[in-house]
Amino acid sequence: MRNIKDCLFALLALTVLLAGCKSKRALQGGDGKVDDSIAIAHLAAITPDTIALQHLSGNANIRLSLNGSDISFKGKLRVKRGEGVQISITPLGLMEAACIDFMPQDIRFINKLSKTYTEVPYNEAKVIGLSGINYRVLEAIFLDYAFLPDGRLACQGVDELAVEEKGDNYHITTKGNTAMQYGFIVDKESGMLVSCSGHSSTGESIRCDYSHFAGIDSTQFPNNISISFNGDAAIRLDFELNKTSNKAFNLTTRNIDKYSKQSIGDFIKSIK
């Protein structure tokens, strides 16, 4: 039970508070400037598969590193484009003990053990709100596709991108005066997106790495997804996915009629 509570508290810190996640690093420069029109061809290699991937579900071995302490647990990841991202914590592989729902309008954290929940809109979550990250950006991160700062597909705004060639990769960065600037690394040979990172002028940062690609029908998708926030707090969330599927499903909002809603502060106190 203590381990489950540790998971709840650490995941809440990651998804809602994200306190102290600041970095002074900037995106690295490249070896050679490439005509931005080249981005069209390479983004086209990323985008069609992810558009086709409307549903994603799979079991997950999840490891959370928070300020040097690691917690590992089993869970499930479910994504339905345009509707939500759900992360379930299933310590024994069966019973869902807790879950995080990233919905288009807000983030909901549910503790099934105590039948309590809390929710916060994106613009009130500390780093998420300050960085201008919205649901569409988070969905893109979990579905491994390049995006623009407002969440549009990158191929919908090629003129808002700059491209540099670096060895075996293309580095694509967003342009313009936005709260968050993003960079994407695309493997030249496969056309797969293998990394993305975002940095704001005020120091908030995020990095995502993708590896161990495997086929889901005709779509290549990473079995390993690593999401990290670095700065005053060192936070990293690793997903090792298995039994992934793109089979259609209904993403139902969990019934919380019999659950008690709490403020973020009271919710934290209840699981500490």
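Analyst: Happy to. Keep in mind that this is a predicted model. Let us start with Thr174, which is buried, its relative accessible area being 6%.

User: Where in the fold is Thr174 found?

Analyst: Thr174 belongs to strand S9, which covers residues 169-174.

User: Which residues is Thr174 in contact with, leaving aside its neighbours within four places in sequence?

Analyst: They are Phe147, Pro149, Glu160, Leu161, Gln181, Tyr182 and Phe184. The side chains of Thr174 and Gln181 are joined by a polar contact of 3.2 Å. A polar atom of the Thr174 side chain also lies 2.9 Å from the backbone nitrogen of Tyr182.

User: Now the cysteines. How many disulfides does a search of the whole structure find?

Analyst: First the general idea: a disulfide is a covalent bond between the sulfur atoms of two cysteines. In this model the search finds 0.

User: On to charged pairs. How many salt bridges does the search find?

Analyst: It finds 10 salt bridges in the whole structure. One of them pairs Asp238 with Arg63, with 3.0 Å between the closest N and O atoms. This pair links distant parts of the chain, 175 residues apart: Asp238 is in strand S14 (residues 235-245) and Arg63 in strand S2 (residues 55-66).

User: Are these two partners buried or partly exposed?

Analyst: Asp238 is buried, with a relative accessible area of 12%, whereas Arg63 is partly exposed at 37%.

User: Which salt bridge involves Lys188, and where are its partners?

Analyst: Lys188 meets Glu165 in a salt bridge of 2.3 Å, N to O. Glu165 sits in strand S8 (residues 161-166), and Lys188 in the loop between strand S10 (180-187) and strand S11 (193-200), 23 residues apart. Glu165 is partly exposed at 32%, and Lys188 is partly exposed at 27%.

User: Which residues do salt bridges with shared partners join into one network?

Analyst: Arg63, Arg236 and Asp238 are joined in this way.

How values were computed. Residues are numbered from 1 along each chain as its sequence is written. This is a predicted model: local features need pLDDT of at least 70, side-chain atom pairs count only at pLDDT 80 or more; totals for chains, interfaces and linings use all residues. Side-chain values use heavy atoms; hydrogens and water are left out. Helices (H or I, at least four residues) and strands (E, at least two) are DSSP runs, numbered from the N terminus. Buried means under 20% relative accessible area, exposed over 50%, partly exposed in between (1.4 Å probe, protein chains only). A polar contact is a pair of N or O atoms within 3.5 Å; within protein, one must be able to donate a hydrogen and the other to accept it, and residues adjacent in sequence count only if both atoms are side-chain atoms. Contact means heavy atoms within 4.5 Å. A disulfide is a pair of cysteine sulfur atoms within 2.5 Å. A salt bridge is a side-chain nitrogen of Lys or Arg within 4 Å of a carboxyl oxygen of Asp or Glu.
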